[in-house]
Amino acid sequence: MKPLKISEINAYINKIMKMDPILKRVSIVGELSSFKAYPSGHIYMTFKDDQAQLPGIMYKWQASAMSFLPKVGMEVEAQGQISIYEKTGKLQMVVEEIKPRGQGALYEEFLRIKGQLEKEGLFDMDRKRPLPKYPERVGLVTSLKAAALQDFLKVLARRNPGIEVVLSPSSVQGPKAPEELIQAFLRLDKREDLDLIVVTRGGGSIEDLWAFNDENLARALDKRRHPLVAAIGHEVDFTIIEMVADRRASTPSVAAEMISRDRQEWVQDLDQAYARLVAPLREKIKGLSYDLDKSKNRMDKDLKKDRFLSEKRALENRSLRIHQGLKLSLMAQDQALGQARLSLSPRGLAHKIDHKQDQLEAKKQALTQTLRGLLDQEDKSLNRTFYQLDKYADGFLRHRVYRKDGGLILRAQDVQPEDEIRIDFIDGLVGAKINYVEEKESDI
């Protein structure tokens, strides 16, 4: 017989095994001594009993259909084909299906409940509610003796101690647990002061967690009024109520992190909110300040103009009176001179005319000096008035006082008791009547 190559003999053995009616579809029972999922989606595992072990592989298209995640040390029942990996000549099982061993009845019931509730839509995404971003009061359903309670409270206190926890205790394992869990949940769900509810416990076997697969509990949670977070088990365990809940957390600690925000995140959110609120207000204040400055400048100009015109008119009136007085005086002197000329005799006429002309010239010079002095005084008075206007401008910005006929009132001496006046404020007009007038000294 011709010698065979290693690859040929491995291929031949593999062919024989695939043709064997037992090996091509076999069920085995054993304990998982290793289990690892790779990024490719394939899962590699090892089955063992007290005398031997058998490697196994589950390709990604079968692995994606698994309804639970096996753990090392779990006793399982697997179905598949026994073959040889031709490259190494290593015996292996190509696993097509795997399920827990010794829990078959419970697992089958789990699949039945899951299928029924899924068919009714209890797991649909459109039933899921968003969790509140900033919860203030949280309801918690768990056992007072459970380690999950301390894990949850410890993480919550570290991240956000301001969140209040309302505990509704219940057993989380055993035949009475499903009904106790329902009642504990309903006690919280009927309250109006909660933002959300968390149901949690630590991990365990399928028997330990079975209360959370109860159909009645699942239906009670489905009718909830508050958002619900379910945290049952440690990573690999998955229960019915976690499929019903709005959010699932792998552990109690993760649930506490999920519903709370770190204090630093709160500070950042507040800073951002403050910036969003202040920016438009600053722009508004800037615009109002600009408008206010424009109005103030306009009022300053109006006020100074009014005061200037009033003082100018007063000065013009005084100057007019002085000029009129001077004119009248000159006219009187001319008349007196004419009469004197008529009364003089021809002999002393020239002498008297010269004498009168000298007197008249002297009076003219004296009157001119008097007029210049009065004009200088009026000019100084006007300058003092402008100085006082600038000095007291801010006071006049608040209001103006007018006579009934519209004339601007600047001094107490401009009014008499029983006069009717009008006060013009920034925001409106006020009519009034003078009860008394009391003058005081002023630089104006």
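1. Two strands are said to pair if DSSP finds at least two bridges between them; strands (E, at least two residues) and helices (H or I, at least four) are DSSP runs numbered from the N terminus. In strand E5, Met-93 is the bridge partner of Gly-56. E3 and E5 (residues 90–100) pair in the parallel sense over two bridges.

2. The model is predicted: local features need pLDDT of at least 70, side-chain atom pairs count only at pLDDT 80 or more, and totals for chains, interfaces and linings use all residues. Residues are numbered from 1 along each chain as its sequence is written, and side-chain values use heavy atoms, with hydrogens and water left out.

3. Strand E2 (residues 43–48) pairs with E3 (residues 53–58) in the antiparallel sense over six bridges. A hairpin of four residues joins E2 to E3, and Phe-47 stands opposite Leu-54 in E3.

4. The chain contains 11 helices and 13 strands. Of its 444 residues, 34% count as buried, that is, under 20% relative accessible area (1.4 Å probe, protein chains only).

5. Contact means heavy atoms within 4.5 Å. Leaving aside residues up to four places away in sequence, Ile-241 touches Val-199, Phe-212, Leu-217, Leu-221, Ala-230 and Ile-232.

Conventions. Buried < 20%, exposed > 50% of the residue type's maximum accessible area, 1.4 Å probe, protein only.
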